[in-house]
Amino acid sequence: MPPPSSSQQKVLAAQFVTLTGASERQATKYLKSAGYKINEAVDAYYTSNEAKGSTTATALEALFDKLRDDENDDKNKMELDSTMKYLDSTLHVNLENAELFVALEIVQAPNVGEITRRGFVDGWKAAAAGTTNQGHAAHIKSLAASLSTNPALFKKVYRYTFVAGREADQKSLSLENALVYWGMLFSPPGMAWKTKNHDWLDLWKTFLNEKWTRSVNKDMWNMALEFAVKSMADETLSFWNEDGAWPSVIDDFVAWCRGKGIGKSESMDMDEELWKG
């Protein structure tokens, strides 16, 4: 059987590089040796000393260098343009929902518009998602799809959003940014903060826009998630009491809700109606 055409050889070589993270030279070598049967070529590569000598970290370092812009980026980080290009065009991450923060948490991005070499290499190595952009993109999609059913994963991503979302040298999130991030996290594919009778995310955002003028500190950010989880399990808010350890903004939110007939008073009114009936 004659060897494939030069254009077909290039396609096979590209597939080999994608699957293994090897160089084009190595791809050509192993494909030629295997008669251009890609599965056999890949198997031969992984059992070779070349593969054993090429560590995951080394491959990830090389991948980072390919993604970084030599002219505009520091040697050890991707700046805003490179970061957005990587997330959007390379990994096809949805930048308008929680998927963005799944990706940023993996690479431990110091902020929304920057990815460091150390965070990139260590993050993807820990994720055990291989050393290719295709493998990384698939990993992000898989995690994002499980956000709403994996509380531990959601909590990890949610908490990291506070770290990545802050402005440089700031200890808190601006209210404007916090509202945007809550909207992204508490909507699909994140955890939809809704119950049968109420859209809690909308209530929370409305309350803050009306009553809150300060920034959002770490405690408020973290406790908002705790409150969200409990309110989804009990929309009457009977878990809340004034002697609890909730921050004052949560206390004020509960009072605001009850002033609108939302919360424990709802269940009391229903009980009274049933009693009268």
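**Close-up views of pockets and backbone features**

**View 1. Lining of the second largest pocket.** By class, the lining of the second largest pocket holds 7 nonpolar, 3 polar and 2 charged residues. (Nonpolar: Ala, Val, Leu, Ile, Met, Phe, Trp, Tyr, Cys and Pro; charged: Asp, Glu, Lys and Arg; polar: the others, Gly among them.) The model is predicted: local features need pLDDT of at least 70, side-chain atom pairs count only at pLDDT 80 or more, and totals for chains, interfaces and linings use all residues. Residues are numbered from 1 along each chain as its sequence is written, and side-chain values use heavy atoms, without hydrogens or water. (A pocket is an open set of points on a 1 Å grid over the protein atoms alone, where a 1.4 Å probe fits, with protein on both sides within 12 Å along at least five of seven lines; lining residues have an atom within 4 Å of a point.) Among its lining residues are L147, N150, P151, F154, K155, M191, L225, E226 and M232. Helices α10 (151-165) and α13 (218-233) each give two or more residues to this lining. (Helices are DSSP runs of H or I, at least four residues; strands are E, at least two; both are numbered from the N terminus.) α13 gives the most, with 4 residues.

**View 2. The largest pocket.** Its volume is about 530 Å³. (Volume is the space filled by probe spheres set on the points, which are joined across faces, edges and corners.) The lining comprises 25 residues; V17, G21, A22, S23 and K66 are the closest to the pocket centre. At least two lining residues come from each of α1 (6-20), α2, α5 (56-67) and α9. α1 gives the most, with 6 residues. Its lining splits into 10 nonpolar, 12 polar and 3 charged residues.

**View 3. Two non-glycine residues with positive phi.** Y36 has a phi of about 65°. Y36 sits in the loop between α2 (24-33) and α3 (38-46). Y36 is buried, at 17% relative accessible area. (Buried is under 20%, exposed over 50%, partly exposed in between; 1.4 Å probe, protein chains only.) A128 has a phi of about 55°. A128 lies in the loop between α8 (117-127) and α9 (133-145). A128 is exposed, at 67% relative accessibility.

**View 4. A cis peptide bond.** The bond joins P188 and P189, with omega about 5°. P189 belongs to the loop between α11 (175-185) and α12 (200-211).

**View 5. The annotated region.** An unreviewed UniProt entry lists "domain: DCUN1" at residues 55-258. Over residues 55-258 the chain is 59% helix and 2% strand. The end C-alpha atoms are 59 Å apart.

Methods:
UniProt positions are given in the numbering used here, feature names are shortened, and annotations may be inferred rather than shown by experiment.
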